[in-house]
Amino acid sequence: MGSGAAEGYEWFFRSEYPQVVRTAYLVLQDKEGARDVAQEAFIQLLRHWAKVSRYDKPEAWVRRVAIRLAVKTARKQRFQSTFSDDIDVPTTSATRDPDLMKAVATLPSAQRAAVVLFYFEDRPVSEVAEIMDCSESTAKVHLHRARKKLATALGEEVTVDVS
Amino acid sequence: MSLDARLRQGFIATADAFDINAELELINVQAAARLRERRHVFIAAFAGAAAAALMLLAGPRVADIILGIEIQKPFDPAVPDNGNDEDVEEDVVKPEFDPEDVRRANELAERRQQQVETGRRPVAIGGAPAPASGSGSRPAGGGEGTGAQQPAPGPGPTRHHIDQPRDRSASQEYRAGIDTTSQYAGYDCPSDSGPDAGCVEFQARSYERYLSLNISDASGNAVAAVVGIDANRNGKIEDNFEICGSTDGFVEIPAGARIEIQLFADNDSCGPEGAPTRGTVTATFSDRLE
């Protein structure tokens with residue numbers, strides 16, 4: 001990798017890594033797991049930087065990798081939690097709404113990824129579908145079911161569906 | 001607060017609580033990427049080396065399989081022998097022979113071969129003329145005869161050669177008959193006797209147990225003789241018998257015995273025609289009756 005490409009990668013890393021690791025953290029609700037997922041995504045980005053850097057949205061590429069890894073890891077955690085009955089929910093003092101995070105933790109991993117991308121990263125459904133590597137309608141279904149479950153769990157009322 | 005607003009605010013607040021040092025993470029990611037790259041190179045090199053080693057080790061066998069060469073199977077006593085083994089010779093239980101017999105057979109074969117090639121009187125091993133057997137203190141009257149009638153055997157004491165009957169013929173010429181009225185007639189030949197005094201002798205070998213004799217004078221008439229047998233080769237005749245011209249086939253003798261033949265000058269037993277003043281005695285020895 002040339003010095004120019006290395007600089008471009010480092011600039012991209014500084015601007016995107018914090019957001020990617022936080023997104024992974026919200027999906028996994030595990031800091032170490034989020035760091036591992038984000039590191040792996042950016043290591044793969046480094047290997048393919050010469051090609052990915054020419055894409056229109058290289059940030060979408062690295063998020064797709066990170067979300068795929070996060071969903072995969074979350075499924076493993078969910079499978080393990082069925083035996084350990086122990087869900088790692090952020091309960092730090094900085095967590096303003098622990099009930100919300102507990103309710104999110106009960107969602108299936110794909111629905112979790114969809115609500116994090118839609119509400120935290122504030123991405124439209126089309127980009128949510130692109131990052132999750134699924135169709136828009138599938139992304140809408142994930143969001144609809146997630147909001148419905150969360151509303152039930154939190155005692156909220158679902159007003160309008162996402163669009 | 002609506003669910004959507006609650007989700008947005010809750011996510012942001014939780015994510016902001018996650019302290020991230022991007023510079024440190026960048027270093028970690030670059031180091032991890034370099035380490036992984038080296039590991040890939042190492043794994044590739046190791047895999048290449050392992051593949052090369054496998055090819056070296058398994059290559060010939062693989063080649064054998066591909067080329068259809070039969071792989072040697074472990075010995076299984078339950079599988080009958082097809083008789084095609086190249087090393088079957090090692091499995092044959094070879095008969096044991098007396099080394100002395102083998103040595104004598106070799107000697108005989110060499111002498112016969114020499115006789116056939118040169119047409120001369122055979123010589124004993126060591127270059128000396130073939131010695132006449134006998135007591136040693138008296139002249140035996142020449143060596144064994146020149147009347148070999150068998151084809152020359154092949155070189156070496158092969159098993160085939162040993163398995164065949166070993167016949168040997170020897171001839172001696174006599175130049176006078178013995179006086180039947182002398183004190184020696186029918187007994188031992190005198191010490192100064194010999195072909196010129198009507199006595200010839202032969203020496204059977206250690207494996208020769210049968211004797212056939214044919215005696216004729218210069219005209220081809222049968223000649224009477226007394227055949228003495230010195231089984232111990234001590235110069236004393238232990239047994240004798242009389243013949244007229246020839247034995248009736250092979251007669252059994254002690255192996256290795258000395259044979260002494262007295263040729264009668266007055267050929268009474270064989271008729272008036274015989275004149276044993278000069279003739280030939282042919283002795284044929286054999287190791288078996290076949």
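B:Arg36 forms a salt bridge with A:Glu40, their closest N and O atoms lying 2.8 Å apart; a salt bridge here is a side-chain nitrogen of Lys or Arg within 4 Å of a carboxyl oxygen of Asp or Glu. This is a predicted model, in which local features need pLDDT of at least 70 and side-chain atom pairs count only at pLDDT 80 or more, while totals for chains, interfaces and linings use all residues. Residues are numbered from 1 along each chain as its sequence is written, chains are lettered from A and ligands numbered from 1 in the order in which they are written, and side-chain values use heavy atoms, with hydrogens and water left out.

**Charged and polar pairs**
- Between chain B and chain A there are 5 salt bridges, and the count over all chains comes to 20.
- A:Arg14 forms a salt bridge with B:Glu23, with the closest N and O atoms 2.3 Å apart.
- That pair crosses between chains, from helix 1 of chain A to helix 2 of chain B (helices are DSSP runs of H or I with at least four residues, numbered from the N terminus).

**The interface of chain B with chain A**
- In contact (heavy atoms within 4.5 Å) are 29 residues of chain B and 39 residues of chain A.
- The buried area is about 3,300 Å², and carbon and sulfur atoms give 67% of it; buried area is the accessible area (1.4 Å probe) that two parts lose on being put together, summed over both.
- On the chain B side, B:Arg6, B:Phe11 and B:Phe18 lose the most area to chain A, together 23% of what that side buries.

**Helix pair in chain A**
- The axes of helix 1 (residues 3–28) and helix 2 (residues 31–47) of chain A come within 8 Å and cross at roughly 145° (axes are lines fitted to C-alpha atoms over the stretch in contact, with angles from 0 to 180 degrees between N-to-C directions).
- Residues of helix 1 that meet helix 2 in chain A include A:Phe12, A:Phe13 and A:Tyr17, and the helix 2 side includes A:Phe42, A:Ile43 and A:Leu46.
- By class, this contact of helix 1 with helix 2 of chain A has 16 nonpolar, 2 polar and 3 charged residues (Ala, Val, Leu, Ile, Met, Phe, Trp, Tyr, Cys and Pro count as nonpolar, Asp, Glu, Lys and Arg as charged, and the others, Gly among them, as polar).

Definitions and conventions:
Helix = DSSP H or I, 4+ residues; strand = E, 2+ residues; numbered from the N terminus.
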